[in-house]
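Here are a few exercises to work through with the model open beside you. Try each task before reading its solution.

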Amino acid sequence: MATTTVHQTKWWSGGKSPFNMEYGKLMMWYFLMSDAFTFGAFLISYGSIRFSQNFWPDPNVVFNAFPGAGHANLPLAFVSVMTFILIISSVTMVLAVHAGHKGDKEGVIKWMFWTIIGGLAFLGCQAWEWHHLITGEHAVLVDGKIDLIGQTMGGNPWGDLVEDNTALTAALNNTSHETLVHLAHEYPTGGTVVAMEALEKMSDGQLAGMVDITHAHIRETGPIAFGGYFYGITGFHGFHVFSGVVINIIMLIMTQKDVFKNRGHYLMIEKAGLYWHFVDLVWVFVFLCFYLI
Amino acid sequence: MQHPAFEEVTVHHHHEDDATFKKKVRKTTILLSIITIIELAIGLTIYTIHKGESPNALLVLMFKGAVCILTLAKAYYIVSVFMHLGDEIRNMIMTIVVPLMLFVWFIIAFIADGNSYKNLRNTYDKHFEETTMPAKHHKAEAAPVENKGGKE
């Protein structure tokens, strides 16, 4: 039995690794532990700020878009696709490491390739999500007028819903021409959509009368910290995914050039694998903190 | 397979045969997927509760707690099965796991700090409370105060 051997071995008598582990792999574990503290500190800082606010945006309201689905309200749909992409790419990485244990070069190449594809797919999804959040403008009530703002580092359109229709109607009088044109186009009274060109020629007073304010779902501005934390933490995670993809590509090239075959072992694949699983592990917590709770 | 370049490694891990390995990986993948699906279902349940007439704050909190526990379960499976930490020797596992125990203090302390800052500001900075408290909560918070007064 392996356990009895372990028990009888004098681990600390020198000449061997007391942790029964090769140096590089052990150091990869300690790097990952320190990285876990970095991510942990970011997420806890986010939690601390979130608990210090009276209002925090509901993730199901913020993250409800899906590529190609237009304005359909699909909370959690896209992020679950991203989560499954990372889980599957973690599984292909396990298979690559296993192929490495057997010295199966073709197997390593095949599964590393699919892991890289998974990583790139995840990065693509994240790029789409960021682009959608930054450029998608939403109507908010600020200082007695209505503005169109996207989710950026300095602005947050996901405040509480404004239910005071008199305040909103009054705010229309102070709203810019451009915003009024947009609102009259998106939320017309009676539901008949008028072309943008025609609306642009109308006066502000006319336009204000054409906006169906009760259906525009106008919100207050939300906590500004939301954007910084969301882009900062998902960006830092995305940077890890990116560097993981780069490392995996290097490992794939080295495998193809028979570097590991000549060395007699595929331990580098194992170390790259640890890093890749860690990226998946961090996403599990990012997913929890930003999208689920 | 032996690792000739690493003589300091005494006991080489016994790698399971293909069938056992595939079974283990498949089992873990299915488990992770099922946990994720349950998490998504809870997320959508929270969304429907929020949309409802009078959201039950305690129920939402319980669901959020359940999601946190499920996430920890997922993390455990990723680390112990995919990263093979469970197969390493005990001393090595402890050097990784014991420092991570700091998170217990870390999370409690900083969440409590944030919460306390909110309470202090709501007490002493009325402008902060008026400008940031959601309208619905204003009404909801006003009611219990009246009840309290009635009892006394």
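**Exercise 1: the chain interface**

Task: find how many residues of chain A are in contact with chain B, and which element gives the largest share of that side.

Solution. Start with the count: 53 residues of chain A are in contact with 55 residues of chain B, where contact means that C-beta atoms, placed from the backbone, lie within 7 Å. Next, list the elements giving two or more residues to the chain A side: α1 (2-8), α2 (23-51), α4 (77-101) and α12 (267-292). Helices here are DSSP runs (H or I, at least four residues), numbered from the N terminus. The largest share, 10 residues, belongs to α2(A). Finally, sort by class: this side has 25 nonpolar, 20 polar and eight charged residues. Ala, Val, Leu, Ile, Met, Phe, Trp, Tyr, Cys and Pro count as nonpolar, Asp, Glu, Lys and Arg as charged, and the others, Gly among them, as polar.

A note before going on: this is a predicted model, in which local features need pLDDT of at least 70 and side-chain atom pairs count only at pLDDT 80 or more, while totals for chains, interfaces and linings use all residues. Residues are numbered from 1 along each chain as its sequence is written, and chains are lettered from A and ligands numbered from 1 in the order in which they are written.

**Exercise 2: a helix pair**

Task: work out how α12(A) and α2(B) are oriented to each other.

Solution. First take the geometry: the two helices pack at an angle of about 175°, with axes 10 Å apart. Axes are lines fitted to C-alpha atoms over the stretch in contact, and angles run from 0 to 180 degrees between N-to-C directions. Since angles over 145 degrees count as roughly antiparallel, α12(A) and α2(B) are therefore roughly antiparallel. Now look at who touches: α12(A) contributes residues including Leu281(A), Phe285(A) and Leu288(A), and α2(B) residues including Val67(B), Thr71(B) and Ile78(B). The contact divides into 11 nonpolar, two polar and two charged residues. Leaving aside neighbours within four places in sequence, Leu288(A) is in contact with Ile293(A), Val67(B), Cys68(B) and Thr71(B).

Key: Two residues are in contact if their C-beta atoms, placed from the backbone, lie within 7 Å. Angles under 35 degrees count as roughly parallel, over 145 as roughly antiparallel, 65 to 115 as roughly perpendicular and the rest as oblique.
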